Amino acid sequence: MSGPMRPATGEETISFTFDGTTYQARPGDTLAAALLANGIGLVGRSFKYHRPRGIMTAGIEEPNALVTVGTGGRAEPNTRATDVFVYPGMVATSQNRWPSLSLDVASIFGLAAPALGAGFYYKTFFGPAKHWLRYEGFIRRAAGLGNAPTEADPDNFSQTAGFCDVLVVGSGPAGLKAALEAAEAGSSVMLVEQDAAPGGSLLRDPDPAMDPAVMIAQIKALGGKVLLRTTASGYWDHNFLTLTQRLAEPGAVPTHGFAQRLWHVRAGRVILATGLIERPVPFANNDHPGVMLSQAVRSYVRRWRVLPGKRVVIATNNDDAYLTAEALVEAGAEVVALLDARASGPAAPAGVTVHHDARPASVTGRKHGLRKVTAVIGGSEQSFDADLIAVSGGFVPVSHLHMQAGGKLTWNEEAQAFIPGETPQACETVGSALNPPPAPAVAPAGKAKKSFVDFQNDVSLADIDLAWQEGYRSVEHLKRYTTLGMATDQGKTSNMVALSRLAEKQRVTVPEAGLTTFRPPFTPVTMGLLAGAGARNAGAHVRRIPLHGLHEKHDPIWQPLGYWFRPRAYPVNGESLAEASMREARTVRTVAGLSDVSTLGKFEVSGPDAAALLELVCATTVGKLAIGRGRYTFMCREDGIVFDDGTVWRLAENRYLMTSSTGGADRMAGHLSYVRNSLRPDLKCSVVNVQEHYAGIALAGPRARAILASLIGSEPPRHMGYAPATLAGVPVHVLAASYSGERAFEIHVEASHAAAVWQAIDAATRAEGGAPYGLEAMELLRIEKGHVVVGGEVDGRSTPHDLGLGGMLNKAGGFIGAAGLTRPALSAPGRNNLVGLVSLDGPIPEGGMLIQRAGQSPQGHVTAAARRILEGGAIALALLEDGHKRHGEELIVSSPTRGEKARVRVTSPHFYDPAGERYRD
Amino acid sequence: MYQITCPHCGPRAQTEFTYERTMDSVVDPAADAQTAMQALYTRANPMGLDEEIWRHTYGCRAWMVLTRHRVTHEIHAVRAIGPEALP
C-alpha cells in the first residue's frame with residue numbers, strides 16, 4: 001500500500017510515532033489516514049490466530065486496526081485507528097504481537113486454527129481439567145488485544161445534564177436537514193456527531209447543494225447546540241440519552257482539564273440520522289491488509305486525499321461501489337477490475353472493466369497490501385494483480401439506538417437489511433438508514449475456513465457452520481458459542497454476514513433466523529467517564545461524627561462504620577490493637593470507660609398515636625412503657641426474621657425515642673417512613689430522624705453511676721430509666737442502657753455541643769482511673785455479655801426464637817412479622833440457634849464451622865470470637881443447629897481455609913453476669 | 001432512566017426516587033399468615049399496567065403510587081399517598 005496523491009492543499013505539519021517510528025500527518029487526519037498516507041498497511045495482529053490485520057474501514061465500525069494510543073496511565077488500548085485524530089506528539093503502538101508487528105512468533109497459531117475453532121474454550125472446559133491447565137497459561141498469554149494500563153488515569157472526567165426539544169444524532173445530509181428544520185421551527189436543538197468534522201457521508205460524497213459548515217453555522221445561529229466528537233452511546237427510557245464527548249483525543253493531555261464529558265440528556269424528541277455501515281464480503285483471506293470496504297476507500301481518497309492502493313479490484317453487489325471506481329480513477333489509481341455479483345449494473349467510469357456474475361474467492365498478500373485477487377467469474381476463476389480490493393456486500397442501517405429505545409425492525413428483502421420500524425418512544429429514524437440501496441444476497445465463493453466474518457474475534461464462516469453442525473440453532477446460541485459479535489466492535493460489520501449464513505444453513509429467511517439485541521453502549525466507553533467526579537474517593541463521601549476531631553487528637557485506630565469512621569481502639573505506649581482493646585475492656589469491667597456511640601440510628605416518634613406506630617414496628621411491647629422508662633427491642637421483617645434491634649424510650653406522655661443499629665439506620669429510616677406513609681397514614685404521629693442531630697456518648701463501668709452523678713449533680717436514672725439532665729451546662733438525655741454488661745448510660749446531646757460534654761465526661765472518667773474505649777473493646781464486652789449484633793448474629797435468617805429473644809415478643813401480636821412468624825417452618829426443629837462456645841484448648845477461629853467430627857457437614861458457624869476479659873480463655877458466639885437444646889455438648893470448630901481448629905463446649909451465650917446483677921442497683 | 005412526575009415537585013429524574021414495592025405486595029399487618037405470605041412470595045407479574053409504591057427519597061421524600069406499564073415503562077398516573085394525601 002502506498003501512493004500518496006496528497007498534495008492539493010494542506011501540509012504534513014504534525015509528527016506522531018507508530019511503534020517507535022516517527023511519521024508526519026496533516027491536521028484532520030485520523031491515525032488510519034495518516035498511516036495509509038505513509039504507506040503502512042499492517043497495523044495489528046488478530047485476537048486468536050495472530051493474523052496480520054490492516055485498516056478495513058474509515059469509521060467507528062473498524063474491527064481490525066486497533067492500537068494503543070498514549071502512554072502511562074493515559075494509554076488507551078483497543079483504540080480504533082479510524083476513530084482517533086492525530087495530534088502532535090501522539091504515540092501509537094500496535095497490539096497483540098511479539099517480538100514485533102511484522103515478525104510475530106504467535107502467528108503460528110493460525111496453523112493450529114482447526115483446533116482453536118468455535119467452541120474451543122467450552123470443549124476444553126468440558127474435557128478433563130488437566131487439559132485446561134495445560135492450555136490456560138499459553139492461551140492467556142497469546143489471546144487478547146491491548147493491555148490495560150497499570151497506572152491510574154491522570155485525567156479528569158466531567159458529567160453534565162442537557163435538555164432539548166429535539167436531539168439529532170448524526171450530522172450527515174439527513175441529520176443536518178432535520179436539525180436545521182427543527183431549529184427554524186423554534187425548537188431547542190442538540191446535534192451530535194461522533195466525527196471531528198460534520199457532514200457524515202458528505203465528507204465522502206460532497207453535494208454542492210449542502211455545505212455542512214454553512215448549515216452548522218445556521219443551526220448555531222438559531223440557538224442550536226452542536227457537539228462534535230460526541231457519540232450518542234445509550235438510549236434509555238423516557239427519551240433519556242447518554243452522550244460521550246471527547247474533549248481530548250485518546251492519549252492526549254487535555255487542554256481544558258477534562259478528557260471527556262458524559263452528557264445526560266432528556267430530549268423531547270429524538271431524530272436518528274445514523275446512516276449505514278457497509279457490509280464486508282466473505283472470501284478466503286478477506287482479513288488481510290489491503291482488503292477494505294468500498295466506501296472507506298472513497299473516504300480516504302476524497303476526504304483525506306490518501307490513496308490506499310494503486311492497482312485496485314472492486315467487488316460489489318450494489319451500485320454504490322461504482323462511485324468508488326469513479327473516485328479511484330479521478331485520483332489516478334488503476335481500477336484493474338470491477339467484480340459485480342449481479343447480472344447487470346450501472347455504467348462504469350471509462351477504462352474500468354466490469355465483470356458481472358463475479359465474486360472474489362481469495363486473495364494473497366504481502367506485508368502492507370495484496371499481491372493477487374482471485375475471482376470466480378461466471379463459472380471460471382480469474383486472477384488479477386492488485387494491491388487493494390475495495391469490497392461492498394451491501395449496507396446495514398445503524399439501528400442500535402432505535403433498538404435500545406425499544407424499537408422494532410422490519411426486513412427489507414431488496415437491501416437484505418433490517419430497517420428501523422415502530423418505536424414506543426418519541427423517536428424517529430431519518431435518512432439512509434431507512435433507505436439502504438438494493439443489494440441482493442450473494443453466496444460466498446471462497447473457502448469457508450479462511451473467510452472471516454467477525455474479524456475482531458477471529459470467527460470465520462467455517463466456525464458458523466461448525467456451530468450449526470453441533471446443534472446451535474438460535475442466533476443467541478450461535479453468538480455465545482462462536483463469540484461472534486462479542487468483541488469491542490459488537491459485531492457492527494459482522495452480524496449481518498453471519499446471520500445470512502445461519503439463515504442459509506437453516507433454510508429460512510434472514511428475519512426468521514432472528515437477530516441479537518443491541519445494547520448500550522454503541523461504542524466503548526471509558527470507565528473513568530462513567531465514574532466522573534466519583535473517581536478518586538469522591539464517590540463515597542466520608543461523614544464525620546461530631547467528635548471526630550477530638551478523637552483524632554488521641555490518634556486512634558479508625559474503623560469505617562456505616563458512613564462514618566469510629567475509633568476502633570485508642571492505643572497508648574505502642575500497644576497493638578489486641579492489647580489496647582483488651583486494656584480498654586478491662587477498664588470498663590473494673591472502673592469505667594466512655595465511648596462514642598453517635599452513629600446509632602435515632603428516631604423521635606411523637607403524637608397521640610406514637611405508641612401505636614412503635615407497636616407496629618417493634619416486635620416487643622411498647623405501649624405499656626411508663627414515662628421515663630425504656631426497654632430493649634428488636635424489629636422483624638414481614639416474614640418474621642429479625643432485621644434490626646435497639647432500644648425504645650418514653651420521654652414524655654406522647655414522645656418516644658427509638659434507637660437502632662448504625663449500619664441499619666438508613667434502612668430503618670426508610671422502613672419507618674414506609675410504615676407510616678403506606679400502611680398507617682391514618683395515625684396521628686410524626687417520625688423524625690434524629691440520628692445526626694444527637695451525638696451519643698456511652699459511659700459504662702462500676703464507677704459510671706458515681707461519675708455521672710457528680711457531673712449532673714443528681715442521682716442518674718436506674719437501669720432502663722430515662723432522665724433529662726444538664727451536663728457541662730448543656731441539656732442532655734440520659735438513657736440508662738447497658739450494652740457492655742456493666743452499669744452504663746448513653747448520654748445524647750445536641751451535636752454542636754457534644755465536645756464540651758465529651759470533655760467533661762472524659763476528664764471525670766480519667767480522674768477515676770477510667771479511659772475511652774473503642775469499637776473493638778465494645779465487641780469484646782458485648783460478646784462476653786451475649787448481646788447480638790446486626791450483621792453478626794442478626795444475619796437475615798434468624799427468628800427472635802433463634803436468638804433467644806422469643807420470650808420478649810409482644811404476645812398480643814399486631815407487629816410487623818407476627819403473621820410471618822406463625823409459619824410452621826420457623827418453629828420446626830433443625831434451625832440455627834444462638835449459643836455460646838467455651839474453648840477447651842486454643843483460640844476459636846471466627847467464621848469457623850461447627851462439626852462433631854472431621855469430615856462432617858457443618859452444623860453451624862462461629863459468628864464472633866473473643867477472649868474473656870477478666871478471667872481469660874477463648875469464648876465465642878455461634879449459630880448452631882438446635883443449639884438451644886445442646887448446651888454442654890462438645891464440638892469442633894474448624895476453619896479449613898485458615899487451617900485452624902478448636903475443641904469447644906456449647907454453653908449459654910451469656911458468659912458474664914447472666915442474672916444482670918451488675919447493672920441493677 | 002425514567003422521568004417521574006412527583007405530585008409535589010413535578011417531573012424529576014428517576015435517580016431521585018427509590019422503588020419500594022408493587023401495591024399487591026403490600027402486607028396488611030392484620031393479615032393472616034397465608035395472605036401475608038401470598039403477598040410476599042406468590043405475586044402476579046402481568047405484562048401490562050401495574051401499581052407501584054415509589055418515594056421521592058432524594059427530593060421531597062414524599063411517597064406516591066405510580067401506574068406504570070411493565071413492558072413499555074410508560075407511566076400513566078402518579079398519585080400521592082401518606083397522611084397529607086388522606087381525604
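Predicted model: local features only at pLDDT ≥ 70, side-chain atom pairs only at ≥ 80, totals over all residues.

Me: What is the bridge partner of Ile377(A) in S21(A)?

Reply: Strand S20 (residues 370-377) of chain A runs antiparallel to S21(A), and six bridges join the two. Within S21(A), the residue that partners Ile377(A) is Ser380(A).

Me: In what order do the five strands of the mixed open sheet of chain A stand?

Reply: The pairing in this sheet is mixed, and the sheet is open. Strands S2 (21-25) and S6 (76-80) of chain A each have a single partner strand, so they stand at its edges. On average, neighbouring strands are turned by 40 degrees against each other, direction ignored. The order is S2-S1-S7-S5-S6.

Me: Which residue of S2(A) is the bridge partner of Ser15(A)?

Reply: Strand S1 (residues 14-18) of chain A pairs with S2(A) over five bridges, in the antiparallel sense. The partner of Ser15(A) in S2(A) is Gln24(A).

Me: How many bridges join strand S8 of chain A to strand S13 of chain A?

Reply: Strand S8 covers residues 156-169 of chain A and strand S13 covers residues 258-272, and the two run parallel. The number of bridges that join S8(A) to S13(A) is 13.

Me: Do S12(A) and S13(A) run parallel or antiparallel?

Reply: Strand S12 (residues 240-246) of chain A is joined to S13(A) by seven bridges. Phe240(A) stands opposite Arg266(A) of S13(A). The direction of S12(A) relative to S13(A) is antiparallel.

Me: Which residue of S26(A) is the bridge partner of Leu272(A)?

Reply: S13(A) also pairs with strand S26 (residues 427-429) of chain A, in the parallel sense and over three bridges. The partner of Leu272(A) in S26(A) is Thr429(A).

Me: How many of the nine residues of helix H6 of chain A are buried?

Reply: Helix H6 comprises residues 294-302 of chain A and is largely enclosed by the rest of the structure. Its buried residues are Ser294(A), Gln295(A), Ala296(A), Val297(A), Arg298(A), Ser299(A), Tyr300(A) and Val301(A). Among the elements of chain A that cover them are helix H1 (31-37), strand S16 (311-316) and helix H7 (320-331). The number of buried residues in H6(A) is eight.

Me: Is the crossing of H15(A) and H20(A) left-handed or right-handed?

Reply: On the side of H15(A), the residues that make the contact include Leu577(A), Met582(A) and Val588(A), and on the side of H20(A) they include Leu780(A) and Leu781(A). The residues of this contact comprise seven nonpolar, one polar and two charged. The crossing of H15(A) and H20(A) is right-handed.

Me: How many helices and strands has chain B?

Reply: From the N terminus on, the elements of chain B run β-β-β-α-β-β-β. The C-alpha trace of chain B spans about 40 × 30 × 25 Å along its principal axes, and buried residues make up 16% of its 87 residues. Chain B has one helix and six strands.

Me: Which element of chain B gives the largest share of the side that touches chain A?

Reply: In all, 21 residues of chain B are in contact with 22 residues of chain A. The side of chain B that touches chain A has 15 nonpolar, four polar and two charged residues. The largest share, four residues, comes from helix H1 (residues 33-41) of chain B.

How values were computed. Residues numbered from 1 in each chain as written. Chains lettered and ligands numbered in written order. Pairing = 2+ DSSP bridges. Axes fitted to C-alpha atoms, helices over the stretch in contact; angles between N-to-C directions. Contact = placed C-beta atoms within 7 Å. Nonpolar A, V, L, I, M, F, W, Y, C, P; charged D, E, K, R; others polar. Left-handed = near helix turned anticlockwise from the far one by under 90°. Buried ≥ 20, exposed ≤ 12 C-beta atoms within 10 Å, placed from the backbone.
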